[in-house]
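Please look through the structure below before reading on.

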2 protein chains.
Amino acid sequence: MSGDPARHPPPPSRTPTSYDVAQRAGVSQSAVSRCFRPGGSIAPETRARVLKAARELGYQPNAIASGLKAKRSNLVAVLISNLTNLYYPEVLAGLTRQLNARDNRVLLFALETEDEVDAALDQVWRYRVDGAIVAARLSAPQLRAFQRHRVPVVLYNRWSDGSDPVSSVCCDSPGGERMLVDRLLAAGHRRFGLIAGPEDNTVGRSRIEAARTRLEQAGLTPVVAGGSFDHDSGAQGFRRLMMANDGAIDAVICANDLMAIGAIDAAREDFGLDVPRDVSVVGFDGVGPAAWASYRLTTVRQPVNRMTEAAVGMLLERVADPDLPPEVRTLTGTLITGASARLG
Amino acid sequence: MSGDPARHPPPPSRTPTSYDVAQRAGVSQSAVSRCFRPGGSIAPETRARVLKAARELGYQPNAIASGLKAKRSNLVAVLISNLTNLYYPEVLAGLTRQLNARDNRVLLFALETEDEVDAALDQVWRYRVDGAIVAARLSAPQLRAFQRHRVPVVLYNRWSDGSDPVSSVCCDSPGGERMLVDRLLAAGHRRFGLIAGPEDNTVGRSRIEAARTRLEQAGLTPVVAGGSFDHDSGAQGFRRLMMANDGAIDAVICANDLMAIGAIDAAREDFGLDVPRDVSVVGFDGVGPAAWASYRLTTVRQPVNRMTEAAVGMLLERVADPDLPPEVRTLTGTLITGASARLG
């Protein structure tokens, strides 16, 4: 701490190198390098001297340089779209927590438009990441590029559209929608409106298709309004459904929570309706605001913790063994019986 | 596309190297390396041949290896706490967008507790990032470690507590609170309650202190309830203020929007109050849900785009010239006159 400057000289003002550590420890540079290489062979006494010198100098082995040699960067690319959508921050926090806990770092790509994917992928290849987790839409050629570059990839709530199999973790959207529809039907709802997500979004599409199919099986034909997953488009979708049906709507099924919240706001504000007495509104995701007293949304909560844990586990397995076959894991959501729908 | 395999051989099954490109282009490896080094000198015809061969082979120059040589990794660490707080996803999206636009990548550290900072910083040093933007609390020794490791840092809505100057970008929280208090006073509010943020959060503290000081200057003594920046603690804070004052509260000033939303929900749900007729509630931040029809929060919106742009600009200036002196930039927020407060 204090005292003898000969015993505790200040660290050099430039960043200390392995050479400085070797000098101070009185060992070869190669011994320093072996000391910091996983599995490197070195005598215990030498290791102790190197570690002591490194600590005193504030030396940090260069992770990127070691990664180059070990063919591992411990970097995982996370590509995520719609970061300001309320669902994704929770996903990103979960992925980052899981990856950090397993000694990997997150190289983040926040995509705002589909056009940005190619530019992001160029960077993914350049940084020699160990793997990637993608919660954004990839084309078939983009997916094939991962194979070509030998970068393991796991899709999050996305899936390949048939051609080549790709590992993915999904929440069972169709199953969740069937749960909602069955309970709404059992409670006597007959005139249904659906508010869809963006047309190019596979998750949103699978939810609305599942709800529509289930309703058609029950002999009903729902009206569908377009939406874009945000609050405003939910409010607007609700107004469109009311116009198209002269107000004769019993239940509105929204492709996500944020649009359901917008629909509830529009029902109250624009039509003076009571939710759920006059109309039932349900969502999907289980985001934080869905539980707020003004909404208490009836929804299906995605098991985000288990999903992010599964995605990270599957990816790191494939980093360790790139020959593992692709795997698709589908986790079931939980029905949250809030107060925005009359359920049977 | 199809046809002659001699003209379009498949890319080699291993990742192509600069050696493969040199072979295919019929040039030296050093020419390939000059072609991909910014400012590298190379004849236009040679460059064209190298680029063609690289494209055909799917070759990507190794950014990390180039970064090591150029002493630049083009990696910027972003340390952010409370990623699931509604304000930070917008900040992270802004920082990532700005950094990517300037050809830098984001190495993300999502911190859940203060204890995680040291572990994150160890990784920051190891990855030889060019710089760091920190929206989390750092101790004085942690701030000094940035100097010691010669990693430029810009704080986002945080500031050093006096000892060493550090660059930072902040929204003018005290100024924003004074605006809110003055308008509430002008509208005749006299009995004030404040809901504070976490005790160790400097932003929250500066907001509540500024509001309290302004009220005391007006001869008023507000009641203060503790909170933790989330919806539940806002609701609970509101209940505590009502209990402590036998319901005699005119206006509630919350250290952020999320708690203000919780306070509004509690006012309506638990006390049957009309907001703002019976009580005015104001927040701070301008997050998305503040604008929803159920709340229409009166608040101060932080200029997130300008703040993230400033933070990235200041950081990259210091990466280019580490000797630039620290700089503090304070940007003024905008008063949003929603419908949750009677303003004068």
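## The core

Leaving aside its neighbours within four places in sequence, which residues is A263(A) in contact with? They are I195(A), G234(A), A235(A), G237(A), F238(A), V252(A), C254(A) and V281(A). This is a predicted model. Its largest nonpolar core has 188 residues. A263(A) and A263(B) have the most contacts inside that core.

## Confidence and domains

The mean pLDDT of chain A is 88, and 90% of the residues score at least 70. For the complex, the predictor gives an ipTM of 0.76 and a pTM of 0.79. One stretch of chain A stands apart from this: over residues 1–12, pLDDT stays under 50. The model has five contacts beyond four places in sequence for that stretch. Where pLDDT is low, predicted coordinates should not be read in detail.

The domain assignment divides chain A into domain 1 (18–61), domain 2 (71–172 + 304–333) and domain 3 (173–301). Taken over C-alpha atoms, the centres of domain 1 and domain 3 of chain A are 62 Å apart.

## Helix α1 and its cover

Helix α1 of chain A spans residues 18–25. Its buried residues are S18(A), D20(A), V21(A) and A25(A). These lie on the same side of α1(A), because they cover an arc of only 155 degrees around the axis. What covers them includes α2 (29–36) and α3 (44–57) of chain A. Just after α1(A), G26(A) has a positive phi of about 70 degrees.

A53(A) sits in helix α3 of chain A. Is A53(A) buried or exposed? It counts as buried because it has 21 C-beta neighbours inside 10 Å. Leaving aside neighbours within four places in sequence, A53(A) is in contact with V21(A), R24(A) and A25(A). A53(A) and R24(A) are 29 residues apart along the chain, yet 6.0 Å separates their C-alpha atoms.

Strand β2(A) covers residues 105–111, and seven of its seven residues are buried. Which residues are buried on each face of β2(A)? R105(A), L107(A), F109(A) and L111(A) are on one side. V106(A), L108(A) and A110(A) are on the other. In a regular strand the side chains alternate between the two faces of the sheet.

β3(A) is also mostly covered, with five of its five residues buried. G131(A), I133(A) and A135(A) are buried on one side, A132(A) and V134(A) on the other.

Strand β1(A), residues 75–81, pairs with both of these strands. Seven bridges link β1(A) to β2(A) in the parallel sense. Within that pairing, I80(A) has A110(A) as its bridge partner. Five bridges link β1(A) to β3(A), again parallel. Here A77(A) stands opposite A132(A). β3(A) also runs parallel to strand β4(A), residues 153–156, with three bridges between them. I133(A) has V154(A) as its bridge partner in β4(A).

## Pairing between chains

Which strand of chain B pairs with β2(A)? The partner is β2 (residues 105–111) of chain B. The two strands are antiparallel, with three bridges. V106(A) stands opposite L108(B) in β2(B).

## Backbone details

A cis peptide bond joins V275(A) and P276(A), with omega about 10 degrees. P276(A) is in the loop between α11 (257–271) and β9 (280–282) of chain A. In chain B, the bond from V275(B) to P276(B) is cis, with omega near 10 degrees. P276(B) lies in the loop between α11 (257–271) and β9 (280–282) of chain B.

Two residues other than glycine have a positive phi. R128(A) has a phi near 50 degrees. It belongs to the loop between α6 (116–126) and β3 (131–135) of chain A. R128(A) counts as buried because 21 other C-beta atoms lie within 10 Å. D285(B) has a phi of about 135 degrees. Its place is in the loop between β9 and β10 (299–301) of chain B. D285(B) is buried too, with 27 other C-beta atoms within 10 Å.

How values were computed. Residues numbered from 1 in each chain as written. Chains lettered and ligands numbered in written order. Predicted model: local features only at pLDDT ≥ 70, side-chain atom pairs only at ≥ 80, totals over all residues. Domains from an automatic or database assignment. pLDDT = per-residue confidence, 0-100. Contact = placed C-beta atoms within 7 Å. Core = buried A, V, L, I, M, F, W, Y, C linked by C-beta atoms within 7 Å. Buried ≥ 20, exposed ≤ 12 C-beta atoms within 10 Å, placed from the backbone. Helix = DSSP H or I, 4+ residues; strand = E, 2+ residues; numbered from the N terminus. Arc of directions from axis to C-beta. Pairing = 2+ DSSP bridges.
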